Amino acid sequence: MFRIEICGGDYKFLKIIGKGGFGKVYEVEDVLGIRAAVKVVKDEKLARNEYKILQILEGVKGVPRVFRFYDKETSFALSMELGGLCIIDPESGIDFKNIYVLADFAWKSIEILKNIHRRGIVHNDIKPHQFLISENRKIFLVDFGFSRRFKNGKFHKELKVLDKKQGNFLFASKNCHKGYSLSRRDDLISLGYMLIYLYKGALPWESCGNINNPADKWDKAYGIKKMKSVASLCKGMPSEFSKFLEYSISLEYSKKPDYRYLISIFKDLSALFSSKSNTNSTNASSSSFSTKDIGLTQTYFQLAETEVIDAPEFKLRVQVDIENPVSIML
Ligand SMILES: Nc1ncnc2c1ncn2[C@@H]1O[C@H](COP(=O)(O)OP(=O)(O)OP(=O)(O)O)[C@@H](O)[C@H]1O
């Protein structure tokens, strides 16, 4: 367990807001009422990598701004801008079965990935838990522990075959199953699987999650992924979703995706369903609508503008205290 001491007594611990496989995330508040998220991680390499990546991504819309890194013996933490609820938390109230909402989320997520990729970074662990929504419906992408630079200077890194799988078996691309080093295409493919999951509530290889042995779980899921066509995965959804997944899967390892094209697919679809929902229909087929319906600028989600918050006060001292339960010194 961790004990977090907040220097000077000027900070209020509000609550634990997340528990991941690698640590806990706390919400804290300073005297000015500025809230922040503090992620405490045991693995030094992951923590330092996440901090470094978040510094590189400073100013990218939809990525929380990082404040500080804390290093205390065997415990590490970073404080960052507070995101919000996970998009699949029922309290967020998001209805992803509404195509307008799903398509709006899709293009804004692609926009975030485009901007992250522009800085030379791939996320490498895209899944629903990494997307948060603030009270004013701004989307944030979090958890850059596995993220990497995909370029050496101007040049794309070479493809390597690694003997480890990383990320989440449910959303991992087939390239990831093959052990290939991940690139921009894999973030998009995982997003493609994720959009299907958000709409349908499950993916066909979900039951593999019950297999205890990780290697068997990944192998079994890979077997099912290989058998399922994109068309069958996207059955019952507008064709834009299969277009997106087909395109992403077809990309070569180092190929730069055509983000403008991908964003336009979902922007148009979202506008189409926005106008259609004004005439009271949420039919999942887009074929019956004419493109004349497109043109509304109304959106469901917002892309976060990173506010410049001067946060020198977030000077936390983080200590591991195996004996004691979580406590925050005020
Ligand atoms: N900046 C933030 N603002 C609000 N909540 C956050 C923030 N960062 C993380 N969280 C919450 O904490 C959870 C876990 O965070 P994160 O995914 O970074 O941890 P992790 O240990 O790397 O998780 P995983 O096991 O999924 O890899 C998130 O799903 C989210 O609910």
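This is a predicted model: local features need pLDDT of at least 70, side-chain atom pairs count only at pLDDT 80 or more; totals for chains, interfaces and linings use all residues.
The chain is divided into domain 1 (3–83 + 306–316) and domain 2 (86–303). A ligand lies between the two domains, because both of them give residues to the shell around it. Let's walk through the picture topic by topic.

**The chain as a whole**

- Of the 330 residues of the protein chain, 37% count as buried.
- Take the contacts between residues at least 6 apart in sequence: 66% of them join residues at least 24 apart.

**Where the two domains touch**

- Domain 1 is made of two stretches, 3–83 and 306–316, while domain 2 covers 86–303.
- The contact between the domains takes 15 residues from domain 1 and 16 residues from domain 2.
- On the side of domain 1 that touches domain 2, there are nine nonpolar, four polar and two charged residues.

**Around the ligand**

- The ligand is surrounded by 20 residues, and the closest are Gly18, Gly20, Gly21, Gly83 and Asp143.
- Sorted by class, this shell has 10 nonpolar, eight polar and two charged residues.
- Three strands, β2 (12–19), β3 (23–29) and β4 (35–41), each supply at least two residues of the shell.
- Why does the ligand count as lying between the domains? Domain 1 and domain 2 both give residues to its shell, so the ligand is placed between them.

- Lysine 39 sits in strand β4, and the "binding site" annotation of an unreviewed UniProt entry covers Lys39.
- Is lysine 39 buried or exposed? Lysine 39 counts as buried, because it has 25 C-beta neighbours inside 10 Å, and 20 or more is enough for that label.
- Leaving aside residues up to four places away in sequence, lysine 39 touches Gly23, Val25, Ala77 and Leu78.
- Valine 40 also has its place in strand β4.
- With 24 other C-beta atoms within 10 Å, valine 40 is buried.
- Valine 40 and serine 75 are 35 residues apart in sequence, yet their C-alpha atoms are 7.1 Å apart in space.

**A four-strand sheet**

- Four strands, in the order β7-β9-β10-β14, form an open sheet with mixed pairing.
- Which strands stand at the edges? They are β7 (85–86) and β14; each has a single partner strand, so one side of each is left without a neighbour in the sheet.
- Strand β9 (residues 131–133) and strand β10 (residues 138–141) run antiparallel and are joined by three bridges.
- Within that pairing, phenylalanine 131 has leucine 141 in β10 as its bridge partner.
- Four residues lie between the strands in the hairpin of β9 and β10, where arginine 137 takes a positive phi near 60°.
- Across from isoleucine 139 stands leucine 303 in β14.
- The bridge partner of lysine 138 in β14 is glutamine 302.

Methods: Residues are numbered from 1 along each chain as its sequence is written. A residue is near a molecule or strand if its C-beta atom, placed from the backbone, lies within 6 Å of it. Ala, Val, Leu, Ile, Met, Phe, Trp, Tyr, Cys and Pro count as nonpolar, Asp, Glu, Lys and Arg as charged, and the others, Gly among them, as polar. Domain bounds come from an automatic or database domain assignment. A residue is buried if 20 or more other C-beta atoms lie within 10 Å of its own, exposed if 12 or fewer, and partly exposed in between; C-beta atoms are placed from the backbone. Two residues are in contact if their C-beta atoms, placed from the backbone, lie within 7 Å. UniProt positions are given in the numbering used here, feature names are shortened, and annotations may be inferred rather than shown by experiment. Two strands pair if DSSP finds at least two bridges between them.
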